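Hello,

Please take a look at the structure below. My notes on what turned up follow it.

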Amino acid sequence: MPRFTVHIRDEWLAVPCRDTSNTIQWLGQEALKRYVKNKPDNGGIKAVKDTRFVVRRCQGLGLLDADDTIEDVLEDNDFVELAIEGDTMSPDFIPCEPGVSHLTAAFKEPREFISMDGNSLSSTDLVNLGRGLYKIKLTPEAERKVVQSRELLDTIVKENKVVYGITTGFGKFARTVIPVSKLKELQENLVRSHSAGVGNPLSPERTRMLLALRINVLAKGHSGISLETLHAMIQAFNASCLSFVPEKGTVGASGDLAPLSHLALGLMGEGKMWSPKSGWADAKYVLEAHGLKPITLKPKEGLALINGTQMITSLGAEAVERAQAIARQADIIAALTLEVLKGTTKAFDSDIHSLRPHPGQIEVAQRFRSLLDSDHHPSQIAESHRFCDRVQDAYTMRCCPQVHGVANDTIKFVLNIINTEINSATDNPMVFAERGETISGGNFHGEYPAKALDFLAIAVHELASISERRIERLCNPSLSELPAFLVNEGGLNSGFMIAHCTAASLVSENKVLCHPSSVDSLSTSAATEDHVSMGGWAARKALRVIEHVEQVLAIELLTACQGIEFLRPLRTTTPLEKVYELVRSVVKPWFKDRFMSPDIEAVQRLLLDQKVWNVAKPYIDKYQTEYIPESRPISPTAFSLDPPASPRKRVRHE
């Protein structure tokens, strides 16, 4: 029989419906009957039939017409909110804001799986799991290790051994032995008391990443989780039943206790949960609507669920993936700006960079050569100023390989740390089934990802810092030889004047956000946990910095494309023309002032989807393949990234 879950004020009510040809009005009245039945004063409602109300879907908050039939507008197990006239929206109802998640009610469960063994997950895999592209299953070897680990714990409990976190309290209470009869309560109390985070919930995508990463860590077989509980977690993930996880509250040692506790709390059927079908609702109802049961914690399982660096690392995985995407697109955008400002390609000569063979610097210079004027890709714009009297360009153009290069090298460094952390066992104590013992250690300390993400923010910020200076050069007529702020009828039109101010404001914000959080530590848990990483804030602000970098570079790309308009009919190189055409597919040229924010957002979306990179990459790859140096010695340290020599028949600015 179809059933619907209806939220009225502070309660969730299950309403069966034998006949789905009934109307939404009928559903609301049936829910109200159940609501007043449980209230001594009828909930202040005198007569159900005279009560006026509106009904909306929990997911997306779409209002439902009272005269529509249930079968036309709802699906079995849908969640709806009933608001009684005169009431404000229930304080425990959490709307899913538009734009927060791509995992909407129309979300289709993926058919493909990622097999987890605890050792081979990548940051790319994790981000794709967050986006809902895959389900999860365990490898047989992972299941075997999980079973062995749990058998050892069951033996410890049976033999009444004193082991931290299994038969004792936690932190300052590590010497307090807990009776066997209360071990289940011990684990439940741990999760409930540690669910003390604050702030907005993580988005569904980020919560999926957090849950997926915790599953991967447990799959290593060193946490003592039971296979039954782990399978229940996987079922919740595959159904996108996602706990309410506040973004604030972790100090990054002992791991991310508060956010992971909130993650576990929802799986226990307590607190709030989100799914594409329900939106936000009480966890027990969300699980029930998907045919799932709350997990029941066995000894040590609460600790196994909440002790680790998965909040830092999952957010860090998204940060480093986005950083990698924007860094390589920054090279393309800067190359387009250099064309508009009529810069020289000489600064990107491979001989210069072979003398300072940092891999990132060499890689960036090669990209510039592959995109700019050469026999391979001639540029009419470059030809137009071949014999001008300028000797060299400003640092913001000439030094892109050096500045962008170290950002690339830092991203690779951070990527290595994040991918190592993704496949690391980070809880405590660790269970070694093959040795028959548990050992307390400090793998939960988040210093590795915390430091790495602070480095990442500092390095990637520089891409925006140098980009903002290029935007200034494009908008300033004394530097660009173009109309002021890249618009006709200046004065009547302001053009890109305030877009540049926006870029400047974002760069200034980043300067504050780049202060490293991992240099701070505050002692917690009565000085038991007397040094912490503050990695949660390192991860969250790294993401904020990267978002600002994406926005600044979106403004530069818009600005450079507008500059091209004033150089027509001259054309730039083929790959850069393709980039220009991509931008113009979503943003038209700026002939007179108009609402600019949507243009910036549209181009940022191109960068987030890596479409700028995808357009230019075939030309970069082809150039690298066809222009191979024949007899030039290559530094061993730069061998894997040393670019081919570009033709140097065309020389400018001499």
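Start with Ser240, which sits in the loop between α7 (227–238) and β9. Helices (H or I, at least four residues) and strands (E, at least two) are DSSP runs, numbered from the N terminus. The phi of Ser240 is near 55 degrees, a positive value in a residue other than glycine. Ser240 counts as buried, at 0% relative accessibility. Buried here means under 20% relative accessible area, exposed over 50%, and partly exposed in between (1.4 Å probe, protein chains only).

Some ground rules. This is a predicted model, in which local features need pLDDT of at least 70 and side-chain atom pairs count only at pLDDT 80 or more, while totals for chains, interfaces and linings use all residues. Residues are numbered from 1 along each chain as its sequence is written, and side-chain values use heavy atoms, with hydrogens and water left out.

Other backbone points

Asn160 also has a positive phi near 55 degrees and is not a glycine. Its place is the loop between α4 (140–158) and α5. Asn160 is exposed, with a relative accessible area of 53%.

There are cis peptide bonds to check too. One runs from Asn428 to Pro429, with omega near -5 degrees. Pro429 lies in the loop between α16 (400–422) and β13 (430–432). Another joins Arg568 and Pro569, with omega about 15 degrees. Pro569 belongs to the loop between α20 (535–565) and α21 (574–584).

Domains

The chain divides into domain 1 (3–84), domain 2 (113–307) and domain 3 (318–523 + 531–626). These bounds come from an automatic or database domain assignment. The C-alpha centres of domain 1 and domain 2 are 33 Å apart. Their contact takes 9 residues from domain 1 and 14 residues from domain 2. Contact means heavy atoms within 4.5 Å.

Strand β1

Next, the pairing. Two strands pair if DSSP finds at least two bridges between them. β1 runs antiparallel to β2 (residues 11–16), joined by 6 bridges. Thr5 has Ala14 as its bridge partner in β2. The hairpin of β1 and β2 has 2 residues between the strands, and Arg9 there takes a positive phi near 55 degrees. β1 runs parallel to β5 (residues 79–84), joined by 4 bridges. His7 stands opposite Glu81 in β5.

A three-stranded sheet

An open sheet of 3 strands has the order β9-β11-β12, paired antiparallel. β9 (242–243) and β12 (279–282) are at the edges, each with a single partner strand, so one side of each has no neighbour in the sheet. β11 (residues 272–275) and β12 are joined by 4 bridges. Trp274 has Trp280 as its bridge partner in β12.

Pocket and cavity

Both terms rest on a 1 Å grid over the protein atoms alone. A cavity is a set of points where a 1.4 Å probe fits but cannot get out. A pocket is an open set with protein on both sides within 12 Å along at least five of seven lines. Lining residues have an atom within 4 Å of a point. Grid points are joined across faces, edges and corners, and a volume is the space filled by probe spheres set on the points.

The second largest pocket holds about 640 Å³ of space. It is lined by 33 residues, and His194, Ser254, Leu257, Ser525 and Glu529 lie nearest its centre. α5 (183–194), α8 (257–267) and α10 (301–306) are the elements that give two or more residues to this lining. α5 gives the most, with 5 residues. Domain 2 and domain 3 each supply at least three lining residues. By class, the lining has 14 nonpolar, 16 polar and 3 charged residues. Ala, Val, Leu, Ile, Met, Phe, Trp, Tyr, Cys and Pro count as nonpolar, Asp, Glu, Lys and Arg as charged, and the others, Gly among them, as polar.

The whole structure has 1 cavity of 30 Å³ or more. The volume of the largest cavity is about 30 Å³. Its lining includes Phe496, Leu558, Arg584, Trp590 and Asp599. That lining divides into 4 nonpolar, 1 polar and 4 charged residues.

Best regards
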